[in-house]
Amino acid sequence: MKENLYKYILGIADNSLILGQRLGELCGHGPSLETDIACTNISLDLFGQVRSYYQYAAKIIGDGRSEDDIAMLRKEREYVNVLLVEQPNRDFAYTMARQFLFDVYHLLFLNELQKSKDVTLSAIAAKSIKEVSYHQRFSSDWVKRLGDGTEESHQKMQSAIDGLWTYTDELFHQTDIDKIIVSEAIGVDVTQLKETYYNLVSELLQEASLSTPESKWFQKGGKQGIHTEHLGYLLSDLQYMQRTYPNMEW
Amino acid sequence: MMSEEQIKNLEIQFEERIARDEKIEPKDWMPEKYRKTHLRQMSQHAHSEIIGMLPEGNWITRAPSLRRKVALLAKVQDEAGHGLYLYSACETLGTSRDELYEQLHSGKAKYSSIFNYPTVSWADMGAIGWLVDGAAIINQVPLCNTSYGPYARAMVRVCKEESFHQRQGYEIMIKLANGTPEQKEMAQDALNRWWWPSLMMLGPTDAESIHTAQSMKWKLKRKSNDDLRQQFIDQTVPQAELIGLTIPDADLKWNEERGSYDFGEIDWNEFWQVVKGYGPCNKERMNARVGAWERGEWVRDAAMAHAEKKQKQKQAV
Amino acid sequence: MSTKNWPLWEVFVRSKNGLEHRHFGSLHAADAEMALENARDVYTRRNEGISIWVVESKDITASNPENNGELFEPAQDKIYRHPTFYDLPDEVKHM
């Protein structure tokens, strides 16, 4: 029981951890100072959420592991984030498209999680909703700007959406643990979010003069811990200190 | 056109205003030299904030704990903000941020040389916060009172926000110094590498500093470089002792008579070499900045194009 | 090839209800929405505000300090606009 809830929380938190880490890579390297500051804010929001989730997970599992042990000392196969969030910052279009495709899901998800029977999860969700609403607004605006900007930006944004599309379906896959936690009225039934998600996304893509990809072939595996090749490199940065200097306080 | 005598008169009035502690605002008449000196100092300061993001930005993805990671992210973000405030102050004198970037990217503009040193361990995040921000604060606090209004206001904001930066760094050092032998060694090693560049950061020795007298009059500078350096050393040495770290200077000794520390010779040759572009990371820093700017160009263009389209649609309705 | 740079905007922030919007600084943005978002991210990250105005800097008309004499000095000697100009008997404590 404890173990299930623990794993369920990782399923939520790992997404924010990996996406926060990706955004953190960009700090100082964005197209303008203003966008740098904005992307860092999003990253900070996500890490704030991550800490609340892992602290709660640490309490539930109760075996002495800390938030940092959970965040930084698992093996790659034990991270259960979706493939979408680990995709690299190929260019600003990719970064914003990835953010947008995740934000729309994230907000729908949190709106449901807020109704959770688990008061801690419900409280974290309630706080995060405000943050993520802003993320969605920010990333949507950028998808529109780039989609409807210049010829070049339109192409770049379209190819980012096309490239990342294959990772969207996985957002709505249910793991066995998900099913158990949903049945306990703690978890969110993500399969129920799918239709709304694709409606919202295509609506905005249309507004941005972008076409919604028609491909029905989707990648999956993140929720089972089978990742794209990108995650290993991300983890070697994330875990570097904890691995090189085990059992120390920082 | 004003006659030379008229200008002379205006200059005298101008200097009197500053001497009376009046602030100068953007549209006020000011001597050309005042404008130029301010543009130079404020833009160098802005560039230093932006370049300064890079050595610390290095470690955001590798921070050892989530708590450290968010603190570092917030700190590097603040530096972007400070650069932004300072570029804005420059713009009040009629030079756009893009022009200033151009000067930075072409190598014409200078920035604080200390950011040309590499950050090679986590302890460097501690040393930078503690020493580099410590030295910067000593320089910056008096500027909250400088004569040019927009600069003074930017500095008030900067100083207010920076107050957590130095603590953040010192706390990292405390933790390391009280940690395992390996951690303590990491901290000492960082102090060894950052100590001398931090002293140099306060500027060339007074004998070699060209701008000081005029800058003092305009309150762009309130104390000489050597005085600032002494103040920095006097306040930092006890902080190092408190956490059991050793300042890497064999000649460092308390001077009872002066009520200050005597310290060893600074390698000014190294300083000038780094200023001239031969520091360990000058090229990397510049490549990172120029790269980010060039990679961002299509993004900035697209945003403008979109804004113009929307504007046209609005007008058509 | 860059055509145009993002224009400059001035940012005004209301720190809390009951206070006026105050000039906080400036920033660059392509349009008003972006200027608002950027202002939120740049100037209110420490909980400094509850309302933001942005206005493109070029749309501000400013008085010229050269005219300060005619604009502002005539107000200096109109002391009858201030309550201290009027004599009251000591017995009247508050008016």
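A salt bridge here is a side-chain nitrogen of Lys or Arg within 4 Å of a carboxyl oxygen of Asp or Glu. R46(C) forms one with E161(B), with the closest N and O atoms 3.6 Å apart. The model is predicted: local features need pLDDT of at least 70, side-chain atom pairs count only at pLDDT 80 or more, and totals for chains, interfaces and linings use all residues. Residues are numbered from 1 along each chain as its sequence is written, chains are lettered from A in the order in which they are written, and side-chain values use heavy atoms, with hydrogens and water left out.

**Chain C with chain B**

- Chain C puts 24 residues in contact with 23 residues of chain B; contact means heavy atoms within 4.5 Å.
- About 2,000 Å² is buried between the two chains, 47% of it on carbon and sulfur atoms. Buried area is the accessible area (1.4 Å probe) that two parts lose on being put together, summed over both.
- Salt bridges between chain C and chain B number 6.
- Polar contacts link 9 residue pairs, both at pLDDT 80 or more. Such a contact is a pair of N or O atoms within 3.5 Å; within protein, one must be able to donate a hydrogen and the other to accept it, and residues adjacent in sequence count only if both atoms are side-chain atoms.
- On chain C, the elements giving two or more residues to the side that touches chain B are β2 (22-28) and α1 (32-43).

**Chain A with chain B**

- Here 47 residues of chain A are in contact with 48 residues of chain B.
- The buried area is about 4,000 Å², and carbon and sulfur atoms give 69% of it.
- Chain A and chain B share 3 salt bridges. One of them pairs K309(B) with D148(A), the closest N and O atoms being 3.3 Å apart.
- Elements that give two or more residues to the chain A side include α1 (2-26), α2 (33-61) and α6 (119-147). The largest share, 12 residues, comes from α2(A).

**Surface of chain C**

- I79(C), Y80(C), F85(C) and Y86(C) form a nonpolar surface patch, with about 430 Å² of accessible area together. Patch residues have over 30% relative accessible area and no salt bridge, and nonpolar side chains (Val, Leu, Ile, Met, Phe, Trp, Tyr) are joined within 5 Å. Areas come from the Shrake-Rupley method with a 1.4 Å probe; for residues, only the protein chains shown count as cover.
- F85(C) lies in the segment after α2 (68-72) of chain C. Helices (H or I, at least four residues) and strands (E, at least two) are DSSP runs, numbered from the N terminus.
- F85(C) counts as partly exposed because its relative accessibility is 40%, between buried (under 20%) and exposed (over 50%).

Key
Patches are made of residues with over 30% relative accessible area and no salt bridge: like charges are joined within 9 Å, nonpolar side chains (Val, Leu, Ile, Met, Phe, Trp, Tyr) within 5 Å. Buried means under 20% relative accessible area, exposed over 50%, partly exposed in between (1.4 Å probe, protein chains only).
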